[in-house]
Protein chains: 2
Amino acid sequence: MDAPLKGKSIAFLATHGVEQIELTRPWQEFMDAGADLQLISLNAGRIDAYHHLDKGDTFEVDKPVGDARAEDYSALVLPGGVANPDALRMDSAAVAFIKSFFSQGKPVAAICHAPWSVIETGEVRGRTLTSYPSLKTDISNAGGYWVDEQVHHDGGLITSRRPADLDAFCARVIEVVCAD
Amino acid sequence: MDAPLKGKSIAFLATHGVEQIELTRPWQEFMDAGADLQLISLNAGRIDAYHHLDKGDTFEVDKPVGDARAEDYSALVLPGGVANPDALRMDSAAVAFIKSFFSQGKPVAAICHAPWSVIETGEVRGRTLTSYPSLKTDISNAGGYWVDEQVHHDGGLITSRRPADLDAFCARVIEVVCAD
């Protein structure tokens with residue numbers, strides 16, 4: 001199958017501080033797999049990506065989250081980067097957008113620090129997930145079950161720990177979105 | 001009283017990503033007040049401070065946390081910056097060092113994102129505190145009572161929300177350490 005995601009539309013939600021490789025690698029893989037992609041952020045304009053604490057490139061936003069609806073997408077990808085979810089989780093439109101994917105039974109894929117944004121939706125409770133290890137306590141306190149795995153899929157939530165897990169993360173997202 | 005902190009020794013615990021003004025402002029104020037100060041970090045060497053997402057200056061570490069003991073200090077200051085406590089909370093020596101101030105009934109002052117490190121010690125449970133607003137849910141889930149105040153002091157834990165609160169934060173720390 002050359003384009004397993006043909007006909008699927010995937011939203012990426014991120015803001016300043018996003019870990020660049022966690023945005024660009026899944027973006028490239030899902031585009032190569034035939035998906036239509038949109039970068040959603042808090043505001044229109046461009047966002048600054050980082051390589052950990054060093055500035056990377058900037059990326060053009062396709063749509064502000066206040067204008068985006070889960071109905072228009074097959075799945076949601078949440079890249080990490082420590083400052084990115086820290087900002088997203090304080091924005092009520094961003095949190096509502098993420099939560100609506102769960103409400104509609106659509107896959108949400110979160111890597112590294114991105115599960116902080118998922119904590120804010122209340123959807124971590126009762127789910128098993130992984131993350132960057134610094135979030136382990138916050139996830140457990142939010143009622144989630146934290147595991148140390150390359151990738152974990154539970155109840156529509158696909159999670160990975162860090163950039164080194166991107167191969168497994170992207171493969172699992174493609175598999176889940178194809179099966180959906 | 002010209003030097004209200006004369007004879008007091010205060011430890012600052014921080015690593016790369018520390019919000020520069022949350023390190024330098026209290027440092028200057030407590031030095032002016034006569035305290036002896038030490039910068040403790042995960043490793044010897046220098047740490048990189050930030051102005052939010054922009055690189056700031058580097059600061060010389062006085063002692064690695066593995067060699068530091070709460071017995072040698074009157075109080076502990078935890079500056080913020082999103083990446084700094086995210087790294088500290090994963091280091092068992094750093095978490096044990098913070099926890100030992102609570103065990104010894106010595107003041108701990110945490111601003112902005114620094115309460116993440118305090119969550120890791122278990123000492124947030126039952127205390128009332130403030131923080132950068134993005135931590136509200138994590139603090140509540142850890143059993144703390146989150147308030148939106150410039151500065152709050154409860155059970156030896158002094159907290160503030162952000163750089164704009166530094167005047168109130170520094171004044172309260174001086175008051176508490178003097179009374180201790």
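**Exercise 1. How many salt bridges does the structure hold over all chains?**

Solution. The structure holds 22 salt bridges over all chains, where a salt bridge is a side-chain nitrogen of Lys or Arg within 4 Å of a carboxyl oxygen of Asp or Glu. This is a predicted model, in which local features need pLDDT of at least 70 and side-chain atom pairs count only at pLDDT 80 or more, while totals for chains, interfaces and linings use all residues. Residues are numbered from 1 along each chain as its sequence is written, chains are lettered from A in the order in which they are written, and side-chain values use heavy atoms, with hydrogens and water left out.

**Exercise 2. Describe the salt bridge of Arg46(B) and Glu60(B), then that of Glu123(A) and Arg127(A).**

Solution. Begin with the distance: the side chains of Arg46(B) and Glu60(B) meet at 3.0 Å, N to O. Then consider accessibility, where buried means under 20% relative accessible area, exposed over 50%, and partly exposed in between (1.4 Å probe, protein chains only). Arg46(B) has a relative accessible area of 47% and is therefore partly exposed, and Glu60(B), at 48%, also counts as partly exposed. Turning to chain A, the salt bridge between Glu123(A) and Arg127(A) has an N to O distance of 3.0 Å, and both of these residues are buried.

**Exercise 3. In what order do the seven strands of the open sheet of chain A lie?**

Solution. The order is β6-β3-β1-β7-β8-β12-β11, with mixed pairing; two strands pair if DSSP finds at least two bridges between them. The edges are β6 (63–64) and β11 (151–154) of chain A, each of which pairs on one side only.

**Exercise 4. Which kind of aromatic pair do Phe97(A) and Phe101(A) form, and which do Tyr73(B) and Phe97(B) form?**

Solution. Start from the rule: rings of Phe, Tyr and Trp (its six-membered ring) pair if their centres lie within 6.5 Å, and planes under 30 degrees apart count as stacked, over 60 as edge-to-face and the rest as tilted. By this rule there are nine aromatic pairs over all chains. Phe97(A) and Phe101(A), at 5.1 Å centre to centre with 85° between the planes, form an edge-to-face pair. Both lie in helix α3 (residues 92–103) of chain A, four residues apart, about one turn of the helix, and both are buried.

In chain B, the ring centres of Tyr73(B) and Phe97(B) are 6.2 Å apart and their planes stand at 90°, so this pair is edge-to-face. Tyr73(B) lies in the loop between β6 (63–64) and β7 (75–78) of chain B, while Phe97(B) lies in helix α3 of chain B, so the pair ties together parts that are 24 residues apart in sequence. Tyr73(B) is buried, with a relative accessible area of 4%, and Phe97(B) is buried at 3%.

Definitions and conventions:
Helix = DSSP H or I, 4+ residues; strand = E, 2+ residues; numbered from the N terminus.
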